[in-house]
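Please look through the sequence and the model below before reading on.

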Amino acid sequence: MPYKDITPPAGGKISIQNGKLNVPENPIIPFIRGDGTGPDIWAASQRVFDAAVQKAYGGKRKVSWFEVFAGEASKNKFDNWLPDDTVDAFKEFLVGIKGPLTTPVGGGIRSLNVALRQMLDLYVCLRPVQYFTGVPSPVKHPEKVEMVIFRENTEDIYAGIEYAGGTPEAQKVLEFLAQNFPKDFAKIRFGTKQAIADYMKLASPDHDASHIPVQVGLGIKPVSNVGTIRLIKSAIEYAIREKRKSVTIVHKGNIMKFTEGAFRDWGYSAAERIFGDKVYTWAKWEKTKKEKGEAAANEEQKAALKGGAILIKDAIADIALQQVLTRPEDFDVIATLNLNGDYLSDALAAQVGGIGIAPGGNINFVTGHAIFEATHGTAPKYANQDKVNPGSVVLSGEMMFRYLGWTEVADLIIKGLNGAIGSKRVTYDFARMMEGATEIKCSEFGENMIAHM
């Protein structure tokens, strides 16, 4: 593939055949350093990755790193927040990794991260959450938090349509609803001048409301059956492969019945149709209860789980956010929509040490495309200070190597991180909360991980 401003290094291409990745001994892997603290974090992380590959394979395998650009660094270098070269590189070489990116202010791309996910149709945001012994935590038993979130990446409000209040576009939508769906339009509390006048007359009888304009911001939230099915399928396949016990569909279907509620219903239907007796769903439990009674439903579920079936259940989003704190052991794999997944993944990261060590991967399991990424922001006030924790990128790399099938490398990275934390020679975010810890630089923490491999 021709590139305008960058040149790929020598190396092999990762490919996919029949759903299985083919990874050469020297794969070309595109990477974005990231903005703000990104260059510091990447420098430490790449040393960890290369050391783990060398230790695991003794020189028989080696990554050919291919630097591509996005974000502020790209804007400064090419006057383009997200060059075509970058997207093309991720398309051609399938698997890549990135640091944190600045979100452009003003018009244009709403989020570079969202743009990359949508351009490559990376429909799964995979967010594993696990506790590393010794990491400071605000909860009493962070070791009970071990779950994996499958967050739908391409729909929901992140791919929604919005119109600003008071714009001609918003007014057109309001008029369309008023004319064609008057009952639904009535739910918009202040969608007409008359509604505003009536309220102001009640709230402040002497106030003239004639100058108050109709300003209603509007949003459309898309959730599809196909988008739901492929996300649920990926989550259940993972649960079967990793011998997990349950998949919880998290939704707000009690309020948004035809988007979030449909996500739950389509999810249950797909689970039963695709996986048969490999799973047991709460939808099936409800059906048996209605036909034969609760005792029969309980016995049916008990027998299915005893036979090795994975339990497919659901939880309302607000209750789930409470229960991951109070009963984390009840959750294993979570499948949810985009916004719920955003809330849940950050809330869970806080329980095990913070977003600074939270990894993430954005994956299309059909095409094989994947971008692994730091999940935190750019923290520009710490840029070029060699100070921050590189754990998020390091663990995202661990996910990437496991995805590639280089499990020996992934295991060494985990071993190195565990050892580094156990030594209590850590970056400032951990040191300030760990008794008897010694604060070291970002680069030194990377070297500490290598020493503990």
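Two strands are said to pair if DSSP finds at least two bridges between them. In this predicted model, strand E6, made up of residues 124-129, pairs with strand E7 in the antiparallel sense over six bridges, and within that pairing Val129 stands opposite Met147 of E7.

How many of the six residues of strand E7 are buried? Six of the six residues, 147-152, are buried, so strand E7 is largely enclosed by the rest of the structure. Met147, Ile149 and Arg151 point one way from E7, while Val148, Phe150 and Glu152 point the other way, and all of them are buried.

We turn now to the annotated positions. An unreviewed UniProt entry lists, under "binding site", Thr102, His376, Gly377, Thr378, Ala379, Pro380, Lys381, Tyr382, Asn389, Tyr428 and Arg432. These positions span 331 residues in sequence, and their farthest two C-alpha atoms are 27.0 Å apart, so they do not all gather at one spot.

Among the listed positions, Pro380 lies in the loop between strand E15 (370-374) and helix H14 (391-404), and Pro380 counts as exposed because its relative accessibility is 60%, where exposed means over 50%. Tyr382, also listed in that entry, is found in the loop between E15 and H14. Leaving aside neighbours within four places in sequence, Tyr382 is in contact with Thr37, Asp40, Lys387, Val388 and Tyr428.

Conventions:
Residues numbered from 1 in each chain as written. Predicted model: local features only at pLDDT ≥ 70, side-chain atom pairs only at ≥ 80, totals over all residues. Heavy atoms only, no water. UniProt positions renumbered as here; feature names shortened; annotations may be inferred. Helix = DSSP H or I, 4+ residues; strand = E, 2+ residues; numbered from the N terminus. Buried < 20%, exposed > 50% of the residue type's maximum accessible area, 1.4 Å probe, protein only. Contact = heavy atoms within 4.5 Å.
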